[in-house]
Amino acid sequence: METTLVLLKPDCMQKKNAGEVIGRFEGAGLQIIGCKMMQLDSAILREHYAHIADKPFFPEVEGFMSSAPVVALALRGEGVIAKVRQLAGPTNSKEAPEGSIRGDLGEDVMHNIVHASDGLDAAADELKRFFNDGEVFA
């Protein structure tokens, strides 16, 4: 069993798509073992996006991701990372197929409804970043 992080991004929350997105994950057999709403600040965003924090477009990403609360989910299941990424579709919503979360609900590369960990190591790091001890239930 794997565990991964999903963030329901500000656009997901503002469009009131959280229930639909969570329903898609649960409908695919994935189990929610952690869930919390939080407002992201500059410190956590700089850590989470360290790979792009020095890019000229980072202030736009930071502004968007701090514009409204997000919901952090810890999801568990067999092959959960691959399943979540398949359900989400490609990062660019304009390239995501119909039937995927981003294809159906997203707008572009930034306004793409969800963040999903891209591998086991990233998932482990990201889960620690967004959940404190005792907030994820096995």
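Two residues are described here as being in contact when heavy atoms of theirs lie within 4.5 Å of each other. The structure is a predicted model, in which local features need a pLDDT of at least 70 and side-chain atom pairs count only at pLDDT 80 or more, while totals for chains, interfaces and linings use all residues. Residues are numbered from 1 along each chain as its sequence is written, and side-chain values use heavy atoms, with hydrogens and water left out.

His-48 belongs to helix H3, which spans residues 42-48; helices (H or I, at least four residues) and strands (E, at least two) are DSSP runs numbered from the N terminus. Once neighbours within four places in sequence are set aside, His-48 is in contact with Leu-7, His-115, Glu-126, Arg-129 and Phe-130. The relative accessibility of His-48 is 5%, so this residue counts as buried, where buried means under 20% relative accessible area, exposed means over 50%, and partly exposed lies in between, for a 1.4 Å probe and protein chains only.

The sheet comes next. Four strands make up an open sheet in the order S2-S3-S1-S4, with antiparallel pairing, and two strands are taken to pair if DSSP finds at least two bridges between them. Strands S2 (31-38) and S4 stand at the edges with a single partner strand each, which means that one side of each has no neighbour in the sheet. From one strand to the next the twist averages 20°, with axes being lines fitted to C-alpha atoms, for helices over the stretch in contact, and angles running from 0 to 180 degrees between N-to-C directions.

The individual pairings can be followed across this order. S2 and S3 run antiparallel and are joined by 7 bridges, and in this part of the sheet Ile-32 stands opposite Leu-75 of S3. Strand S1 (residues 2-8) pairs with strand S3 (residues 70-77), also in the antiparallel sense and over 7 bridges. Glu-2 has Gly-77 of S3 as its bridge partner, Leu-5 stands opposite Ala-74, and Leu-8 stands opposite Val-71. Leu-8 also stands opposite Val-114 in S4, and S1 and S4, which run antiparallel, are joined by 3 bridges. Both S1 and S3 are mostly covered, with 6 of the 7 residues of S1 buried and 7 of the 8 residues of S3 buried.

Helices accompany these strands. Helix H2 (residues 18-27) lies across S1, S2, S3 and S4, and runs at about 165° to S1. Helix H5 (residues 80-88) contains Val-84, a residue that is buried with a relative accessible area of 1%. Not counting residues up to four places away in sequence, Val-84 touches Thr-4, Val-6, Phe-25, Leu-30, Leu-75 and Ala-116. Between the C-alpha atoms of Val-84 and Ile-113, which are 29 residues apart along the chain, the separation is 13 Å.

Ile-113 also draws attention for its backbone. Most residues other than glycine have a negative phi. Ile-113, however, has a positive phi of about 75° although it is not a glycine; the residue sits in the loop between helix H6 (101-105) and S4, and is buried with a relative accessible area of 0%. Lys-16, in the loop between helix H1 (10-14) and H2, likewise has a positive phi, near 60°, but Lys-16 is exposed, with a relative accessible area of 76%. Another exposed residue is Gly-134, with a relative accessible area of 58%, in the segment after helix H7 (120-130). The C-alpha atoms of Gly-134 and Gly-34 are separated by 9.4 Å, although the two residues are 100 residues apart along the chain.

On a 1 Å grid over the protein atoms alone, a pocket is an open set of points where a 1.4 Å probe fits, with protein on both sides within 12 Å along at least five of seven lines, and lining residues have an atom within 4 Å of a point. Of the 18 residues that line this pocket, the closest to its centre are Lys-9, Tyr-49, His-51, Thr-91 and His-115. Strand S4 (residues 114-116) gives the most to the lining, with 3 residues.
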